[in-house]
Amino acid sequence: MTFSFRPTAVKAALLALSTPLFMAGANAATITISCGSVGQDFEFCKKHTEEWAKKTGHTVKLFTLPQSTTDLLGLYRQMFAAKSGDVDIINVDVVWPGMIKDHLIDLKPYSNGAEKKHFPSIVANNTADGKLIAMPWFTDAGLLYYRKDLLEKHGEKAPTTWEDLAATAKKIQDAERKAGNADMQGFVFQAKAYEGLTCDAVEWLWSYNGGNIVDDSGKITVNNPNAAKALTTAASWIGTIAPTGVLNYGEEDARGVFQNGNAVFMRNWPYAWSLGNGKDSKIAGKIGVAALPKGGADGKNAATLGGWQLAVSKYSKEQKLAAELVMYMTSPEIQKKRAIEGSYNPTIPELYKDKEVLAATPFFGTLYDVFTNAVPRPSTPTGLKYNEVSAAFWNATHDVLSGKEKADASLKKLEGKLNQIRRGKQW
Ligand code: GLC
C-alpha cells in the first residue's frame with residue numbers, strides 16, 4: 001500500500017480542516033491489516049483500527065480473509081513468494097512462526113519492551129533467531145461448552161470423561177428429539193480436514209495419554225495404542241451423538257448449531273462465549289463452560305493451545321507505521337476491551353486479575369490453568385515442516401472418523417508418511 005503524494009488532495013483536505021489529516025499531515029499513509037474473519041474478528045478489528053486512524057490521521061484498510069487458518073496460510077505463502085506488500089500487518093497463527101519467520105520484520109525496535117508484559121512462553125514462541133517477529137494478540141485453548149439448562153432438566157452434570165460425555169449427550173439428544181426437537185445433536189466439534197481437526201484430535205490423543213504426534217525431541221510417536229483408542233472413540237461419536245455433517249465442520253459451523261439451540265455439547269475456542277451470550281443468540285444465559293473431558297479414568301484433561309499474533313510483513317512499504325499499529329492493537333487497553341466485549345483471551349497475565357474482565361468472562365478466572373497448561377501442537381520440533389505434518393495427521397484422523405480406515409491401520413500409515421516428510425533424523 002503506497003501513499004502517493006498529491007499536493008492538491010492534501011490542500012483540499014487541509015482546507016476542510018480534517019483533524020486526523022492535520023495530525024499526520026502530508027505523511028498520512030494507508031496501512032492494510034488482516035485480523036481474521038471468524039466470529040467477531042472483523043468487527044472488532046474495524047472498530048479498534050478506526051480508533052487508531054482517528055488518533056493518528058492515517059488510514060487503515062481491512063484485508064478480507066478466508067476463515068480457515070489452513071487456507072489463510074496458503075494465501076500468505078503465495079503473497080510472500082511474490083514479495084507482495086499488499087498487506088502490511090499479518091495475523092499469525094501460534095503454529096506459524098517457524099514457517100513464516102523469514103517474511104516478518106523484527107518488532108523489538110518498536111516495542112519499547114512491551115512484550116515483557118505478555119506470557120513469556122508466547123513471546124518465546126514468537127521469537128526467532130533473536131528477533132521478535134510477532135506480538136502476542138490473543139491466546140486460545142479448546143473448551144467444552146454445554147447447555148446448563150438441558151443438563152439440569154435431565155438431571156446430569158458436566159462430564160469429566162469422554163465416556164461420560166458420550167452417554168450424557170446420547171441421553172439428552174434422544175430425549176429432546178422425542179420431545180419434539182428433531183434437530184437436537186449431542187455433540188458438535190471441528191472435524192473438517194483442516195488445521196482445526198488437528199487441534200481437536202491433539203486433545204483426544206493427549207487426553208488418552210496418546211502423546212502429541214511428534215514429541216519435543218522430534219521423535220514420531222503417533223503410532224501407539226492409546227492414540228488409536230482416542231481416534232476410535234471419536235469415530236464412535238459420528239452418526240450417534242454428532243451429525244455426519246460434522247466431518248465438514250469448522251469452528252463457525254459448530255457454533256451455528258450450538259447457538260441455534262441444537263446441540264447439548266460443543267468443543268470450541270473462547271470466542272464462542274461472547275457470541276453465545278449475545279443478543280441474537282437463542283441460548284444466551286444458558287451456557288456452561290468446562291475443561292474438555294479426560295480420556296477415561298486414567299486420562300488427562302487436555303486443551304490444545306491456539307492463538308493469534310500480529311506481525312509486520314517484510315515487504316510492507318510502511319513498516320514503522322505498521323509496527324506502531326501492531327503495538328496499539330496488542331496493547332493492554334485493546335486486549336482488555338477485546339476480553340470484555342469479545343471473550344478473546346488476553347496474552348497479558350495481569351488482565352486475568354482484572355475485575356471487569358472476570359465479570360464479563362468468568363471462566364478466564366476459573367479455567368486459568370486450562371489456558372496456562374494448554375498443549376502446544378508440535379510446531380516447534382517440526383519447524384518448517386509443521387503444516388505438512390499437521391495435514392498428514394488431520395487426513396489420517398479424517399479417514400478414521402469417516403470410517404474409511406481403522407485407527408491402528410491409519411496411524412501406521414501416518415507414521416510412514418511422517419518418516420517420509422522428515423527424511424532422516426532432522427525435520
Ligand atoms: C483457532 C486457533 C488457532 C488454530 C485454529 C484452527 O483460530 O486460535 O491457533 O490453528 O483455531 O482452526
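Analyst: Ser343 counts as buried, because its relative accessibility is 1%; buried means under 20% relative accessible area, exposed over 50% and partly exposed in between, with a 1.4 Å probe and protein chains only. This is a predicted model, in which local features need pLDDT of at least 70 and side-chain atom pairs count only at pLDDT 80 or more, while totals for chains, interfaces and linings use all residues. Residues are numbered from 1 along each chain as its sequence is written, and side-chain values use heavy atoms, with hydrogens and water left out.

Ser343 sits in the loop between helix H15 (332-342) and helix H16 (355-360). Helices here are DSSP runs of H or I with at least four residues, strands are runs of E with at least two, and both are numbered from the N terminus. The backbone of Ser343 deserves a look too: its phi is positive, about 45°, although Ser343 is not a glycine. Most residues other than glycine have a negative phi.

Asn112 is exposed, because its relative accessible area is 78%, whereas Ser343 is buried.

What touches Ser343? One of its contacts is Trp273, which also touches Tyr145, Ile287, Val289, Ala360, Thr361, Pro362 and Phe363, leaving out residues up to four places away in sequence. Contact means heavy atoms within 4.5 Å. Trp273 belongs to helix H13 (residues 271-276) and counts as buried because its relative accessibility is 14%. Ile287, another of those contacts, is 14 residues from Trp273 along the chain, with 8.0 Å between their C-alpha atoms.

Ser313 is in the loop between strand S11 (305-312) and H14, and at 1% relative accessibility it counts as buried. Beyond four places in sequence, Ser313 touches Phe80, Ser84, Val87, Asp88, Ile90, His103, Leu104, Ile105 and Gln319.

Helix H14 (residues 319-329) has 8 of its 11 residues buried, so it is largely enclosed by the rest of the structure. Those buried residues are Leu321, Ala322, Ala323, Leu325, Val326, Met327, Tyr328 and Met329.

Now for the packing. Two packed helices are described by the angle between their axes and the distance between the axes. Axes are lines fitted to C-alpha atoms, for helices over the stretch in contact, and the angles run from 0 to 180 degrees between N-to-C directions.

Helix H3 (residues 41-56) and H14 cross at roughly 125°, and their axes come within 11 Å. H3 and H14 are therefore oblique to each other: under 35 degrees counts as roughly parallel, over 145 as roughly antiparallel, 65 to 115 as roughly perpendicular and the rest as oblique. The crossing of H3 and H14 is right-handed, where right-handed means that the near helix is turned clockwise from the far one by less than a right angle, and left-handed anticlockwise. On the H3 side the contact uses Cys45, His48, Thr49, Glu51, Trp52 and Lys55, and on the H14 side Leu321, Glu324, Leu325, Tyr328 and Met329. By class, these are 6 nonpolar, 2 polar and 3 charged residues; Ala, Val, Leu, Ile, Met, Phe, Trp, Tyr, Cys and Pro count as nonpolar, Asp, Glu, Lys and Arg as charged, and the others, Gly among them, as polar.

Finally, confidence. pLDDT is the predictor's confidence in each residue, from 0 to 100; the chain averages 94, and 95% of the residues score at least 70. Residues 1-21, however, stay under 50. Where pLDDT is low, the predicted coordinates should not be read in detail.
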